[in-house]
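This report goes through the fold of one chain and then its contact with a second chain. Please keep the structure open while reading.

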Amino acid sequence: MTPRKLNRRAVLRGVGTIIGLPFLDAMVPAFGSPAREGSKQPLRLAVAYVPNGIIMDQWTPGEAPGATPGEANAEAIGERGSAFRMPRIMEPLAPFHNDLVVFSGLTHNNGRALKDGPGDHARAAASFLTGVHPRKTAGADIQNGVSFDQVAAQALGKQTRFASLELGCEQAGIVGNCDSGYSCAYSNSLAWRSETTPLPPEVNPRLVFERLFGTGDEPRDPAQREKQRLYNRSVLDLVGQDAARLASRLGTSDKRKLDEYLTGIREIETRLDAAEKRARDDKPDFVPSVDKPSGIPVEFQEHARLMFDMQVLAFQAGLTRVATLMLGREGSNRTYPEIGVPDAHHGMTHHKGEPEKIEKITKINRYHVEQLAYFLDRLKSTRDGDGTLLEHTMVLYGSGLADGNRHTHHDLPVAVAGGGAWKKGRHLRYPVETPLTNLFLVMLDRMGVRPETLGDSTGRLEHLTDL
Amino acid sequence: MIPWLGVKWIALLPAVLLAAPDTFETAVAPVTTRYCGACHNAKARAGNLNLAFSSAREAFVDPEIWEEVVAKLANGQMPPKGLPRPTGAELRAATSYLTAELTRLARSRKPDPGRVTARRLNRAEYDATIRDVLGLEADAASGFPADDAGYGFDNIGDVLSLSPLLMEKYLAAADRISRQLIWTGPALRPTLHRILSNREEQARRVQPDDPDGYPYPPGAFEARHRFPVDAEYSLIIKVTDRRADKTPIVPVSFFLDGEKLGTFNVQDGEYQQGEWEVRRFVAAGEHTLYGAFPDDYIQSGPRDPQIPGSPIERRIFVDLFEVRGPNNHDPSRSSAYQRLMRCDSDPATEDCARKIAARTGRALYRRPLEAAETDRLLNLYRLARTQGDSFDHGVQLMVKAMLVSPQFLFRVEPASRDNRSLTPVELASRLAYFLWGSAPDEPLLSAAETGRLAETAVLDAEIKRLLADPRSGSLAGNFAGQWLQLRNLKTAQPDPARFPAFNEGLREAMMAETRLFFENVVREDRPVTDFLDANYTYLNARLARHYGVEGVSGRQMRRVELNRPERRGVLTHASILTISSYPTRTSPVLRGLWVLDNFLGAPPPPPPGDVPPLDEQKIGLDAPLRKQLEQHRANAACAVCHDRIDPIGFALENYDPIGRWRSQDGKFPIDAAGNLPDGRSFQDAAGFMKILAADRDAFTRALAGKLLTYALGRGLERYDREAVDSIAEATRRDGYRFGAMVRAIVQSMPFRMRRGEIIAKGQERQ
């Protein structure tokens, strides 16, 4: 049957019940409460990733594209018609030019081959948030680095119900080779919790919603909830012992799998602890302003916007401070017939300079940025403590490839919008080969996490508040 | 004595001279120096390969390179076209020396069964295990994050990681499943679900076999519905009759999961609607409702005269289904519940709970439980009882714990210092997950526990039984779905403007064709060579029309014998031809790669990083695709691989991007003739298929490698070569039968053994 178009604002609301809580946090809306008016709110981090690079001369603002080697410089970016150029792909962001910093000259050297041969797409996604060169393997011993969003999540995660959210708009069910001898784990996930544990994204907005706000069939009675917590804790206790006992009889690689298991168990236990401590706080339930989605929409725009909606809700309700979204898997061959591009995205990015293809890719790139604009708009129109949610959220947008045709990993398309106390409304050019991880270090500083280094970082990125 | 000696010596001399054993210096070095040295020397290192070795010793430090050298010399891929090639004698001397040396090296190595990492159940395995062990269609795994794939499969232990999100989902699923299994809440009140048909879709249908319309017969409707619990439900079908005269009376048939519930007549002319209800006991889970009119009923009304070419309005159609229920929901009537709660002690006693824990634990952990393990589970039961909860609650809590235990979620084989054989119980698990993607059932598990599974005859009988069981359908979905990349068909998006004929009905039929074909090979124990040249396939009206085959009507897939050379074997299935194409056009490169990788086990290396992939999308405008690709191959660096890839793809150019036969591509006639680097040539697709069929041993070996990867859940390594060779050989000896390949895999050392390793230090939980 032809899949029926799903209505984004569908279902659930009408019943008139307050939405319950997820089973795990049976468990009371521990931190699931909106900020009080006027309170100081923490800074959140949202990452949106697009695959296959971007047509750079339609992305880079300013009158003279191309970095000046050797020194950093900055220029203001403005709305269309003003003195400065807002190129086609960037155009949807014109209303947010004062919330935006666009970066040129930043590089991921570890996305490059470095003698590993082909596989730039896998490396682009794997290195994007880690700055680490992923080990080339089709399966055995996958290895990457901890991604910077997870550095933040691990430091701040205990303060919220979820350490982080990983979202995606494309199912990972593709079979065959993902990219030239790299396991699909590399092109399917951005976030890496440890060197060996990628965090695959959730693509079904309904499941994201249920995770955040419950399925609706959890017990409401406090005594019942209390008992549930006790039972869950006992179950976790037992299986934790099982795992530890088992681990003592295993070899190293098997034991690593058990460690992943134990990490998961501990994370849930931590959440239970927190839920118990706050059980008597008696805060009101957070009632989400968006209704429960009914499933995965067929059309990209609808899907992407729902995923952004979920992030807005999660931030607003204080359920997490860190979220990453892959608008497409790296190497994605999605088609976009709704904007007149029935061709496979990745296939087309090897355009060899053909104008017709470049035009189509530009359309896709712009379409993606339109969704980002939607997100920024939602954040800006949501109150959050003493300001708007956008003022309290750092939104990173970018791709691990610049030119998809030649698979370049330098001068990557990167923009940051929203909070973080930077001088906004600018396009900053850095000397060639400046590690992108230097920017991430600054972003982590802003989050209050201050690691020494990250991946291939050489220091903190400068000139974010001057020039 | 001396004369004797002399005579002997002299007599032997000529033979020694003639048969002077080849050495690296005499057989290989001259060839590599003369024919390879210009590019593969210390300085140029073309393809990062230097073949300038001073001695055999130095040359065999990395024997792997010689495997590739032999393969490339033998198939004519190297030296590149246009450069001098070794003579036949030179070639034979070099390759036979190298092959012998490689075999000798392989034999001298200690046998290595390889490292299999503890495998977490993947999504398909999780659902299947719950279904088979607990008797519940929980469909829990669709909410889990997708499993990543490695080596082409999503059951690879090293890649199956467990994120905190997944752990959380496991816990939630365990909670849901245990509650679904043991209903401790109040009985469900009946509710009403209405499933409306899509009138617009139904109206698009004009003829019963209209290829581009609604994928069901005129006016028919199919829907899936999830029934929450085992119980009786009222199933209602409503039909709307908009015909002016309401004649003739048309019967409508109502089906549940393909079983006919009944047929009734639409008679009520006054209200223009007919409604019919049937009450049935339905098991929890998803079921299919289907309502249809007889095949020979064809609406013959005129099209809308106002709109030329418009479809006629369907005047009689299934309007909707209703599901009302559960009626008189009694949780204790559920079969899964009864199966779980069975015990020969006094019901609802601790002793009974212990028996349930031991029995269910054994099925879920796929091994008998130690007494201490059962005790720990029983503590949960006791906890529930001390909290004032019921016996059922107590059991529910134990089941929940088992479902999140690592013993259930992982298939674990304890480590040992030295290589060891699997225990029969471990073997039973490997076998069941290989052939069923699910847990061993009672007969298999008890054969393992008594040790009888170690006997070849018993093992063979079990393999046969497992393959004949419907659960072996998992091989089609999970193995073939990935080996043939059939799963990609689900997300294939042929350009609707260019290929309006492609719709969901066709997609389903394509998928079903290849799936049924594969299942037939498994169940009927057909030769694997059927994949290459079978003259039968599975079609329904929609797909038959697509292929231009006549005499197939209706939407039911059925076996059809074909006597047309252009449809033979899986490679000519529309499914495969579609997934190896771009949305807007065919791709000889993708198709060539598909065949080399999946059928011949000889994927060319990915293009070097500094060369952008062959651009073949800008095509069809000024010159035939073929011309443009040929120009590209003038570049020797590209030609090395594309001389192998492209001709295969061109052989299939007569099939368009959705697998239809064509003789023109746009304005250019198709030229499907070609030459392979090894000198064989063909005129068209049929000719190429003959070559492929002749290469059945290479195909068999490739398939053996893929199936072994899937069976082991790890990538194959060099030391697996002998195992793959002997599996392929055993298959060949037994008439290429699929069952023979499976038996050989199960008998192989990597399947039966586990590599020794250092045992990790136990980490006690704080």
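What percentage of the 467 residues in chain A do buried residues make up?

## Model and overall fold

Buried residues make up 58% of the 467 residues in chain A, where buried means 20 or more other C-beta atoms, placed from the backbone, within 10 Å of a residue's own. The model is predicted, with local features needing pLDDT of at least 70 and side-chain atom pairs pLDDT 80 or more, while totals for chains, interfaces and linings use all residues. Residues are numbered from 1 along each chain as its sequence is written, and chains are lettered from A and ligands numbered from 1 in the order in which they are written.

Chain A has 10 helices and 12 strands, taken as DSSP runs numbered from the N terminus (helices H or I, at least four residues; strands E, at least two).

## The sheet in chain A

An open, mixed sheet of chain A contains eight strands in the order S2-S12-S3-S11-S10-S1-S7-S4, pairing being counted where DSSP finds at least two bridges between two strands. Strands S2 (73-76) and S4 (165-168) of chain A stand at its edges with a single partner strand each, so one side of each is left without a neighbour in the sheet.

Within this chain, S1 (residues 44-49) and S10 (residues 393-398) of chain A run parallel and are joined by six bridges, with A:Arg44 opposite A:Thr393.

## The contact between chains

Chain B gives 72 residues to the contact and chain A gives 77, a contact being two C-beta atoms, placed from the backbone, within 7 Å. On the chain B side, H7(B) supplies the largest share, seven residues.

Key: Buried ≥ 20, exposed ≤ 12 C-beta atoms within 10 Å, placed from the backbone.
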